[in-house]
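Hi everyone, and thanks for coming. Let me take you on a short walk through one protein model, and please stop me if a term is new to you.

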Amino acid sequence: VRLLTVGNSFSRNATRYLADLAAAGGHELIHRPIVVGGASLQLHAEKALKHDQDARDEAGLYADGRSLQHELADQPWDFVTIQQASLKSHDLSTYRPYAGQLRDYIQKHAPQAKLLVHQTWAYRCDDPRFAAKSPKPGEPATQEVMYQGLTNAYRTIAKELGARLIPVGDAFHRADNDPQWGYRPDTKFDVKTAQPPGLPDQTHSLHVGWRWAKQKDGKPTLSMDGHHANTAGEYLGACVFYEVLFGDTVVGNAFAPPE
C-alpha cells in the first residue's frame, strides 16, 4: 500500500506505528507524511493554490521545498488522506470549501488514488479547553460535545466528497467511554501543590495528559496536553488505519509498542 497523508501532528500521531503493524501483518507500506503543525484543511488547500499561481512562491511549498502537486505526482499513491485541524474539527463550516478543493486537486494530480478522510479525536475529558467558565459561542464545553460535533462534521464532509472515513475519532470515543477501560481523571491530585516528579493517576489515558517538562532555565514545569495521543492512543490510531488500508483485522497482530 502506498499512502500519502496530508495533515498535521494528529496524522503523525495516528500513523506512528502503522509501518510496524503492517510489517507484523505481512504487508508492505510505503508512507509519505506531509505534516504542518496545527495545519487546517484551509492551509493545505491555499498552499496548493499559491503554488499553481506561482511555482516560485515559497508560500506554496512545504518546509522541504516541495509542493503538494510534487508529492501527489511523485508516486502512484493508493490512498491520500486529509483531515481537519482539531481545534476546528467540531465546526462543519471550516471544512468548506477547502475539503472539496483538496479532493479536486488530488483527483487531478493523483487520479488513481482513493481519497480517505481521517477523522481526528476529541480532547481528553479534563483538557483545559473544557474548563472555560464562559466558552465562546460554538465552542464545545465537554469532550462529548466536541466528539458529537466533529463526528457530524467528518461524516457530512466524507459523504459530500464521496470518500471513506478512517474512524479514529470513533475508536477513541469508544475506548474513553468504556466502563472498564475508559480514562477517569484523578480527583485526588492537586495541580497547585504538585511537586516533581509527582503526577496524577492517568491509567487508560489515550492522550499525553499531565507531564513535567524542563524550561529554558532548567526548572521543571507541570503542563497539560489533552490534545495529542500518547503511546496507547498512537497505537489505537494505527490499528484503525491498518484495518482500513489493508482490509485485514488487527486482532492477533504480534506488534505492540515497547512502552
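Predicted model: local features only at pLDDT ≥ 70, side-chain atom pairs only at ≥ 80, totals over all residues.

Residues are numbered from 1 along each chain as its sequence is written, and side-chain values use heavy atoms, with hydrogens and water left out.

Helices (H or I, at least four residues) and strands (E, at least two) are DSSP runs, numbered from the N terminus. Two strands pair if DSSP finds at least two bridges between them.

Now, back to the sheet of strands. E3 in turn pairs with strand E4 (residues 114–118), in the parallel sense and over four bridges. For threonine 81, the bridge partner in E4 is leucine 116. To get from E3 to E4, the chain passes through helix H5 (residues 98–109), and this β-α-β crossover is right-handed.

Buried means under 20% relative accessible area, exposed means over 50%, and partly exposed is in between (1.4 Å probe, protein chains only). In strand E3 (residues 79–82), Phe79 and Thr81 point one way, Val80 and Ile82 point the other way, and all are buried.

Next, the aromatic rings. A pair of aromatic rings is described by the distance of the centres and the angle of the planes. Rings of Phe, Tyr and Trp (its six-membered ring) pair if their centres lie within 6.5 Å; planes under 30 degrees apart count as stacked, over 60 as edge-to-face and the rest as tilted. A search of the whole structure finds five such pairs. In one of them, phenylalanine 10 and tryptophan 121 have ring centres 4.4 Å apart and planes at 10°, so this pair is stacked. Phenylalanine 10 lies in helix H1 (residues 9–15) and tryptophan 121 in the loop between E4 and helix H6 (143–161), so the pair ties together parts that are 111 residues apart in sequence. Both phenylalanine 10 and tryptophan 121 are buried. Another pair is tyrosine 17 with phenylalanine 255: the centres are 5.7 Å apart and the planes are at 40°, so we call it tilted. Both tyrosine 17 and phenylalanine 255 are buried as well. Ring pairs also link Phe10, Trp121 and Phe172 into a cluster.

On a 1 Å grid over the protein atoms alone, a cavity is a set of points where a 1.4 Å probe fits but cannot get out, and a pocket is an open set with protein on both sides within 12 Å along at least five of seven lines; lining residues have an atom within 4 Å of a point. Grid points are joined across faces, edges and corners, and a volume is the space filled by probe spheres set on the points.

How many cavities of 30 Å³ or more does a search of the whole structure find? It finds two. The largest cavity holds about 50 Å³ of space, and its lining includes Trp121 and Phe172. H7 gives the largest share of that lining, four residues. The largest pocket has a volume of about 240 Å³, and among its lining residues are Tyr235, Cys239 and Glu243. Here the largest share, six residues, comes from H8.

Finally, two backbone details. The peptide bond from arginine 96 to proline 97 is cis, with omega near 0°, and proline 97 sits in the loop between E3 and H5. A cis peptide bond also joins proline 196 and proline 197, with omega about 5°.

That's my tour, and I'm happy to take questions!

Key. Right-handed = clockwise from strand over helix to strand, strands pointing away.
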